[in-house]
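Please look over the sequence and the fold shown here. The paragraphs that follow go from the whole chain down to single side chains.

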Amino acid sequence: RGEDRQVGDGTALERLGGTGLIVSVTTDPRRQLAATAYSETVVTSQGGSFALDGELTYLPAPRLELQLVPEITFRSGDARFVAGSREAGEYTFGDLRAKSVSATLRASYTFTNRLTLQLYGQLIAIAEHYSNFRSLAVDPAAPRPVVRLDQLTPTAPPASDPDNEETNLNVSAVLRWEFRPGSTLFLVYSRLQSPTLTPERDAQLDLGALRNGPASDAIRLKLSYYWN
């Protein structure tokens, strides 16, 4: 089978077939502590992929709810488009090794029916490394081809390193007060931290970049008033 979204011009890239395994586990959602977990593993002749995500919900008190959502993904040996165009007469592909981890934490506390506090935090780290570069010469005037893996020939890495590293932290707090029916006051604090990372080696997960990365903080006040 082929994937026609990678190259961006309708050209389809052959995808490796594989064998997969899916496992899903869920506990009783009515309990004080409830959890779900889902994993998917695919093995191909060149590598494979693994994904694991879950959700953990805890109700320590009637007015307090805590939720943790972790995710882990890993992929290797998958040919991906990295550079070139039909106009230049060549497509370049590289085998991708990608890793990502993320965790989302949500908390909410209900003081009264009209006063609530919601907290949100999300941490994401991504690393993408390309190797084993191969290319295919194309005719700009010909119909868009289907690129088959056995047609690719070894080539030098592209001039621009396609490796990528990302680390992001998002935090927010929302205090909501419905001071009269239909009229609500929101006090919002948000923090975004996304340091610029330039891989100087094989791309790796770099959570430590947040120690020195710039951050953007904002406080907002929003009023929604129902005029009757």
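**From the chain to its aromatic pairs**

The protein chain has 13 strands and zero helices. Read from the N terminus, its elements run β-β-β-β-β-β-β-β-β-β-β-β-β. The radius of gyration is 24 Å, well over the 17 Å that the globule rule gives for 228 residues, so the protein chain is more spread out than a compact globule. The C-alpha trace spans about 70 × 40 × 40 Å along its principal axes. This is a predicted model.

Burial and surface come next. Of the 228 residues, 29% count as buried. The protein chain exposes about 14,300 Å², and carbon and sulfur atoms supply 54% of that area. Among contacts between residues at least 6 apart in sequence, 58% join residues at least 24 apart.

Strand E6, residues 64-85, holds Leu68. Tyr58 is ten residues from Leu68 in sequence, and the two C-alpha atoms are 8.7 Å apart.

How many aromatic pairs does a search of the whole structure find? The search finds seven. One of them joins Phe81 and Tyr91, with 5.9 Å from centre to centre and 80° between the planes, an edge-to-face arrangement. This pair links distant parts of the chain, as Phe81 is in strand E6 and Tyr91, ten residues away, is in strand E7 (residues 90-112). Phe81 has a relative accessibility of 19%, so this residue counts as buried. Tyr91, at 1%, counts as buried too.

Phe81 also pairs with Phe93: the ring centres are 5.8 Å apart and the planes are at 70°, so the pair is edge-to-face. The cut-off behind that label is an angle over 60 degrees between the planes. Here again distant parts of the chain are linked, with Phe81 in strand E6 and Phe93 in strand E7, twelve residues apart. Phe93 counts as buried, because its relative accessibility is 0%.

A further group of rings remains. Trp177, Phe179, Tyr225 and Trp227 are linked by ring pairs into a cluster.

Notes. Residues are numbered from 1 along each chain as its sequence is written. Side-chain values use heavy atoms; hydrogens and water are left out. Helices (H or I, at least four residues) and strands (E, at least two) are DSSP runs, numbered from the N terminus. The radius of gyration is taken over C-alpha atoms; the globule rule is 2.2 Å times the number of residues to the power 0.38. Buried means under 20% relative accessible area, exposed over 50%, partly exposed in between (1.4 Å probe, protein chains only). Contact means heavy atoms within 4.5 Å. Accessible areas come from the Shrake-Rupley method with a 1.4 Å probe; for residues, only the protein chains shown count as cover. Rings of Phe, Tyr and Trp (its six-membered ring) pair if their centres lie within 6.5 Å; planes under 30 degrees apart count as stacked, over 60 as edge-to-face and the rest as tilted.
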